[in-house]
Amino acid sequence: MGAPPGYRPSAWVHLLHQLPRADFQLRPVPSGFAPQEQEYQQALLLVAALAGLGLGLSLIFIAVYLIRFCCCRPPEPPGAKSPPPGGGCVTWSCIAALLVGCAGIGIGFYGNSETSDGVSQLSSALLHANHTLSTIDHLVLETVERLGEAVRTELTSLEEVLAQRTELVAAARGARRQAEAVTQQLQGLAFWWGVPLSPLQVAEEVSFVEEYRWLAYVLLLLLELLVCLFTLLGLAKQSKWLVIVMAVMSLLVLVLSWGSMGLEAATAVGLSDFCSSPDTYILNLTEEETGLDSDILNYYFLCNQAVSNPFQQRLTLSQRALANIHSQLQGLEREAVPQFPDAQKPLLSLEETLNVTEGNFHQLVALLHCRGLHKDYGAALRGLCEDALEGLLLLLLFSLLSAGALATALCSLPRAWALFPPRNPSALCSGSHPSEPLLHAGLEPVTPTPVSFQRATPRFLELPLLSCPSLWGPGRPCRLHRAPVSASPCGSFPGGRRRSH
């Protein structure tokens, strides 16, 4: 079979088409595109089920890891204040996974755009083919009506004017028979007239489905982007509640990612089977839906020298009949007008009708050639089997990266959360004057140790400092610390008061 102009199955089509297929009983299934067969449907469902298996394994792994982290963690030694070893690596691994997820989101946006472009090219090709078919029907209808009107009015009037000359009446009746023959031949050229399948309807349905598919993926991509960004924000601000909320949202997006991965994988495999040999399936489906002859469909879908034009005979007979009408009208104009001046008006009207008919006929010859519709067929295949398939593969890569990144983040977030410091630390309590009662801390007044000074050599003053009770837990008494304070060489306190000797 002839390949459409500009279309060749890509390497991705060949690679996906060569993948093995099996039904639910794991029996081999041929890779030919046959969506109406149950075995082929089971093969595609089995491909989609692999994503469900991956989702189940991911959830089991995450659950086992979290249970082990929560229940089998070794106790920390008392008084340990430093983070456990490897804590920073856990946080950075979570951040790296989220950044990989963000990169996958960028790939997903590009793949969604590529898929949309391919489907738009398919819709445009269908609309152009519908315009061609509608133009053929319109030209045929217009030409037939114009010729019929000319036969009923101008030729009838001409026969009445030329009634006295039998040979001229015979020539006018010959032109009538030729016009009726042209009308009969032209009516068979509108092959798409009354066909229940309309390319316009198919294009509208495809555009409708694509619009919602594009919107659904945009919402999924934006949701995952927000989850990644807010999770990074929670790690940066060390906000436990934000990390908990984003962990729940990550679990939801993980399920959606695996689900979209299964749908994308099954669609990509089925599309590769179709694109490896599209002519056979399209011919059978179109013949079944339209009821057209196979020679007409082969001519337009294959468009090669091995298939002849099924309308060539009708076009040839119509062209000969138009040429005969033209010659007969010219003969009547030479012979009848000098004798019957009233015949000039219907003859001029017939000449005008004939010129319009010949112009419409030449347009029909160009439109009925297989080049135009076959070019639309090739454009539709390129949009579906190149751009749309590549976009699907990019979306599949996005789903895979997202699933891996979110699974890694869900495993790392609890360990990173455990490293967050308490959220309500207080500043250190300032030391009170020795003579002031420490009522707020419930402590007895403390008498400082006398301090001696030397003028020549700097000494150090030890004053009691109270540590904040919040650092030692609620209800714990403050401890006394003695901090060295440098004495002024001139014998004064740091606050500027001079001690008298």
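View 1. Helices here are DSSP runs of H or I with at least four residues, strands are E runs of at least two, and numbering starts from the N terminus. Read from that end, the order is α-α-α-α-α-α-α-α-α-α-α-α-β-β. This is a predicted model, where local features need pLDDT of at least 70, side-chain atom pairs count only at pLDDT 80 or more, and totals for chains, interfaces and linings use all residues. Residues are numbered from 1 along each chain as its sequence is written, and side-chain values use heavy atoms, leaving out hydrogens and water. Of the 501 residues, 39% count as buried (buried is under 20% relative accessible area, exposed over 50%, partly exposed in between, with a 1.4 Å probe and protein chains only). Take the contacts (heavy atoms within 4.5 Å) with a separation of 6 or more: 77% of them join residues 24 or more positions apart.

**View 2. Helix α4 meeting helix α11.** Here α4 (residues 154–161) and α11 (residues 344–368) have axes that come within 9 Å and cross at roughly 150 degrees. The axes are lines fitted to C-alpha atoms over the stretch in contact, and angles run from 0 to 180 degrees between N-to-C directions. That crossing makes α4 roughly antiparallel to α11 (over 145 degrees; under 35 is roughly parallel, 65 to 115 roughly perpendicular, the rest oblique). On the α4 side, look for Glu154, Leu155 and Leu158; on the α11 side, for Pro346, Leu347, Ser349 and Leu350. By class, that gives five nonpolar, one polar and one charged residues (Ala, Val, Leu, Ile, Met, Phe, Trp, Tyr, Cys and Pro are nonpolar; Asp, Glu, Lys and Arg charged; the others, Gly among them, polar).

**View 3. Thr115 in helix α3.** The helix around Thr115 spans residues 87–152. Thr115 counts as buried because its relative accessibility is 4%. Skip its neighbours within four places in sequence, and Thr115 still touches Glu210, Arg213, Asp387, Ala388, Gly391, Leu392 and Leu395.

**View 4. Leu26 in a loop.** You'll find Leu26 between α1 (11–17) and α2 (38–71). Most residues other than glycine have a negative phi. Leu26, not a glycine, has a positive one of about 60 degrees. With 65% relative accessibility, Leu26 counts as exposed.

**View 5. Cys303 in another loop.** This loop sits between α9 (294–302) and α10 (312–339). Cys303 has a positive phi too, of about 50 degrees, though it isn't a glycine. Its relative accessible area is 21%, so Cys303 is partly exposed.
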